[in-house]
Amino acid sequence: MDKPWLSRYPSDVPEQINPDQYPSLVEMFEQSVHKFADQPAFVNMGSVMTFRKLEERSRAFAAYLQNELKLKKGDRVAIMMPNLLQYPVALFGVLRAGLIAVNVNPLYTPRELEHQLNDADAKAIIIVSNFASTLEQVVENTPIKHVVLTSLGQMLPRAKGTVVDFVVKYVKGMVPKYDLPGAISFRKALHKGRRLQYVKPFMTGDDIAFLQYTGGTTGVAKGAILTHRNMIANVMQAKGMYAPVLKEGRELVVTALPLYHVFALTVNCLLFIEMGGQNLLITNPRDIPGFVKELQKYPFTAITGVNTLFNALIHNEDFHELDFRGLRLSVGGGMAVQRAVAEQWKKTTGCLLLEGYGLTECSPLVAAYPHDLSEYNGSIGLPVPSTEVRIVDEDGNPVTDDSKGELQVRGPQVMQGYWQRAEATKEVINQEGWLSTGDIVQFDEEGFLHIVDRKKDMILVSGFNVYPNEIEDVIALNDKVLEVAAIGEANEASGEVVKVFVVKKDSSLTKDEIIDHCRKHLTGYKIPKRVEFREDLPKTNVGKILRRVLREENDAKLTKTSEKAV
């Protein structure tokens, strides 16, 4: 297949990037903290950390890990915390010590945490006290030898931090009791580290930087092996797409997605570190009123998020009163951006919502909207620089440019494989280096990629393929709908029928209105036969709607009903 997308590339976006621009993420980090030393790097709860402070603190933590904990190059260290100033200190301390960072979702259950710590063979964990009780339940069943413990307020000015920790623990009751003998305070670790010698290890792009675990929403969570070169490549690819609208050393990006999520890790943390930008860390983005109050304090120039976050913001009255004159970049990822949300975002902020497409196995960015689009076009954009894509049929054979099929990717951002899972790796990466994404896509005439849906989410109605994204996009256009998800429900006559779960924005919305609305936009077999209203929809911690959970709940309900009938 030729490269139909290249003709649509803006003139200021390079076709190729240099994935070896920096020998490692450590070199990239060190150059940036030197160049932008006295500029703010991260701000959280009103407290600012400059690049210089980030360098000093991460160096102290790296020295502590090397000397006090005796960790060796290549050892795995888990980081389990939301967006706090401690996160970048811990992350770059781990990387600078030559260790491998293992990001952990703080909302994991004990079972999920135990699996990931054992699978990664993690030797140490840095964790916030709010989640320490979860660790306590499983730590003896894991290889963890060292626990570094922090609190939400520990890196804030002492007086403010004390108040924050008191309120979180005693007023809101957000810190369950725990007992972790031998755990050391993050603050004490930094204090000790300042008196220890840091020895910079020899590192190359082939060294592993992250074991980034897939969400576990499609089975057992697997660790994607992402090297320093993988991550640098993706930072440069993101920079290639977005740098034309950004100004080095003058950006403030709103980071509401957690940094343990690979999208925020690469596009917010690493890209803006490289460009000398400032990250506004939002610890609890689910508190939309509190989130908007925080936005009122800062002249932000960029923001990233998932569709559900942007949707929640545009439905908050105070958000509409913010000053958007400095906003130059809005990027949606992690799930499909819906047309209704994209159009309302542009109307509210004056800034086009650029969809980015990727997956953990690609560090994560694969495709992105070009910055010169003026309107939402329903695509996931164009492949990022130095990225090859192709569409294949069910037998893995390349198809013509205008056919639907599975998207395969090849490029310097593609992972090395799954950690200690050779067979699983072979299932997704072939001998030529093509990664199968599991996503069904097609090109349009201009070379834009359109994602049709995940293979596993496809609904089969009387032999016709129905893609949930299409159904959801149509229903989301109804002004009375807040959120929607579509699944396939078993049906004797047609194999499956479409069922939708809807959260109302207007309480007057009825099932008949949903069906009538769909009839105006969809062919007969795509129209939902079942409509269920809900107060909310199950989501991952980053706000991605979990169709899998809805299918499981629906299947269980149908089984129960069938058993009663018998």
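This is a predicted model: local features need pLDDT of at least 70, side-chain atom pairs count only at pLDDT 80 or more; totals for chains, interfaces and linings use all residues.
Colleague: Which peptide bond is cis here?

Modeller: The bond from Ser 363 to Pro 364 is cis, and its omega is near 5 degrees. Most peptide bonds are trans.

Colleague: Where does Pro 364 lie?

Modeller: Pro 364 is in the loop between β14 (353-358) and β15 (365-368). Ser 363 is found in that loop between β14 and β15 as well.

Colleague: What is phi of Ser 363?

Modeller: Phi of Ser 363 is near 75 degrees, which is a positive value in a residue other than glycine. Most residues other than glycine have a negative phi.

Colleague: And is Ser 363 buried or exposed?

Modeller: Ser 363 counts as buried, because its relative accessibility is 0% and the cut-off for buried is under 20%.

Colleague: Turning to Lys 70, what is its phi?

Modeller: Lys 70, a residue other than glycine, has a positive phi near 60 degrees.

Colleague: Where is Lys 70 found, and is the residue buried or exposed?

Modeller: Lys 70 sits in the loop between α2 (51-67) and β3 (76-80). Lys 70 is classed as exposed because its relative accessible area is 56%, and exposed means over 50%.

Colleague: A change of topic: where does UniProt place the "AMP-binding enzyme C-terminal" domain?

Modeller: The UniProt record, an unreviewed entry, places that domain at residues 470-544.

Colleague: How much helix and strand does the chain have over residues 470-544?

Modeller: Over residues 470-544 the chain is 33% strand and 21% helix. The end C-alpha atoms of this stretch are 17 Å apart.

Conventions
Residues are numbered from 1 along each chain as its sequence is written. Side-chain values use heavy atoms; hydrogens and water are left out. UniProt positions are given in the numbering used here, feature names are shortened, and annotations may be inferred rather than shown by experiment. Helices (H or I, at least four residues) and strands (E, at least two) are DSSP runs, numbered from the N terminus. Buried means under 20% relative accessible area, exposed over 50%, partly exposed in between (1.4 Å probe, protein chains only).
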